[in-house]
Amino acid sequence: MIKRLNKLKSFILPLAENNYRPLILDGRFLTYIALILIFAKFITIFSLFYLPTTPFFSDIATGALIRMANDERVVLGLNPLRVNDKLNEAALMKAKDMVDNDYFSHWSPQGKSPWHWIELAGYDYQYAGENLAAGFFDADEVHRAWINSSSHRENIVSPNYKEIGIAVINDTESSRNNFIIVQMFATSRETRIDEVVIEDPVEMIEEEVIIEEEVIEGDLTEPETEVAEEDEEDEEDEEERAVLGYYDTNVYIISPGTIEKASFSLFQFLLLEYDDLIQKTITIILLFLGFVLVANVFVRFDVQHPDLIFRGLAFLALFLLFENLDQSTIISIVMGTPIIG
């Protein structure tokens, strides 16, 4: 244990044993770290261009925007919004109409208002609102743009709204050629603004117990006959399979559904969490490297190696560049800021 601690000290600190040249600055360690971070940034750039082409992008962006909207409301003590299928349908119809008629506005060129689509979806609204956005790859960027706009933020945190619907589609037919989003808020006439429905948990438990008792008290003689008949059928099937030289264990290593769920989870991580993880890692590296540089200068102030200090400062500047080159910055460079309406 003591030997390991001494090696760690020699790796980080300037000591007589390493001729006051710690291996972290004198070796290739920082070069390897820089190469790993460059590769990590390439993954970020690749995911930004590839993920929007997958069928998962719309669902991931939709879920993220709903979660962020509800997070804003919870902070203010408001009830989270419920997803409504009719509002989803209204948002999708509005998004498709903007693509088909090549416009970006709350009102269509034909004079159709946002409420036209809500009514067309069969939603009888008491209050309703709409947020629009276009030209984005990052749901967090769109949410921040909405929150920074007073009118859009008012829609997100309005206590008058109880339900939400979102549509995200790729506008490949118009000159924009990017994703557009329609976010609709509403409260139906059937819902009172101050309505809170709380069911008695005791009554719910009693109902469940009654249902279970009814199942248990059923006729138990019939299943025994059915089981016997099923056993005979299984034996016949096994005999047939043995004769045909075929046997299916019904045990499979993986299914298409499992692959799809794994792909969705991976894409969701890459789109929503990966960049944040990389940025936190870079911050830790910066703090560690800063400590090493300070130690290299002040542990033995009379023994200095300018080449090591210069090398450390160069890598420090490179890592600072990586920290500032986050996902939002890359998107702003490539796509510009999103348009909201």
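The protein contains 14 helices and five strands. The model is a predicted one. Of its 341 residues, 37% are buried. The accessible surface amounts to about 21,000 Å², and carbon and sulfur atoms contribute 59% of that area. Among contacts with a separation of 6 or more, 77% are between residues 24 or more positions apart.

## The sheet

The five strands make up an open sheet with mixed pairing, in the order β1-β3-β4-β2-β5. Strands β1 (82-83) and β5 (339-340) stand at the edges, and each has a single partner strand, so one side of each lacks a neighbour in the sheet.

Strand β4 (residues 178-188) is mostly covered, with 11 of its 11 residues buried. On one hand, β4 is joined by nine bridges to strand β2 (residues 125-134), and the two run antiparallel. In that pairing, Ala134 stands opposite Ile180 of β4. On the other hand, nine bridges connect β4 with strand β3 (residues 163-171), again in an antiparallel arrangement. Here Glu163 has Ala186 of β4 as its bridge partner.

Phe179 belongs to strand β4. Phe179 counts as buried because its relative accessibility is 5%, below the cut-off of 20%. The C-alpha atoms of Phe179 and Ile169 lie 5.6 Å apart in space, although the two residues are 10 apart in sequence.

Strand β2 also pairs with β5 through two bridges, and these strands run antiparallel. Ala133 has Ile340 in β5 as its bridge partner.

## Salt bridges

The count of salt bridges comes to eight. Three of them are set out below.

| Pair | Closest N to O distance |
|---|---|
| Asp307 and Arg21 | 2.7 Å |
| Arg67 and Asp71 | 3.7 Å |

A salt bridge joins Asp307 to Arg21, with their closest N and O atoms 2.7 Å apart. Asp307 is located in helix α13 (residues 306-324) and Arg21 in the loop between α1 (2-12) and α2, so the pair ties together parts that are 286 residues apart in sequence. Asp307 is partly exposed, at 42% relative accessibility.

Elsewhere, salt bridges with shared partners join Arg21, Asp26 and Asp307 into one network.

Arg67 and Asp71 both lie in helix α4, four residues apart, or about one turn of the helix. An α-helix has 3.6 residues a turn, so residues three or four places apart point the same way. Arg67 is partly exposed at 43% relative accessibility, as is Asp71 at 40%.

## Helices and their surroundings

Asn70 also has its place in helix α4 (residues 57-75). Asn70 is buried, with a relative accessible area of 12%. Apart from neighbours within four places in sequence, Asn70 is in contact with Pro80 and Leu81.

Ile24 is part of helix α2 (residues 23-26) and is buried, with a relative accessible area of 0%. Not counting residues up to four places away in sequence, Ile24 touches Phe11, Ile12, Phe29, Leu30, Phe288 and Val292. Ile24 and Leu308 are 284 residues apart in sequence, yet their C-alpha atoms are 9.6 Å apart in space.

Val292 is among the buried residues of α12, which include Ile278, Ile282, Ile285 and Leu289. Helix α12 (residues 274-298) has 25 residues, which at 1.5 Å a residue should span 36 Å; its end C-alpha atoms are 37 Å apart, which agrees.

## Surface and loop features

Tyr32, Leu35, Ile38, Phe42, Ile45 and Phe49 make a nonpolar surface patch of about 590 Å². Phe49 is located in helix α3 (residues 29-50) and is partly exposed, with a relative accessible area of 45%.

Asp102 lies in the loop between α5 (85-101) and α6 (114-120). The phi angle of Asp102 is near 50°, a positive value in a residue other than glycine. Asp102 is partly exposed, with a relative accessible area of 42%.

How values were computed. Residues numbered from 1 in each chain as written. Predicted model: local features only at pLDDT ≥ 70, side-chain atom pairs only at ≥ 80, totals over all residues. Heavy atoms only, no water. Buried < 20%, exposed > 50% of the residue type's maximum accessible area, 1.4 Å probe, protein only. Pairing = 2+ DSSP bridges. Patch = residues over 30% accessible without salt bridge, like charges linked within 9 Å, V, L, I, M, F, W, Y side chains within 5 Å. Areas by Shrake-Rupley, 256 points an atom, 1.4 Å probe, with all protein chains shown as cover. Salt bridge = Lys/Arg side-chain N within 4 Å of Asp/Glu carboxyl O. Expected span 1.5 Å × (residues − 1). Contact = heavy atoms within 4.5 Å.
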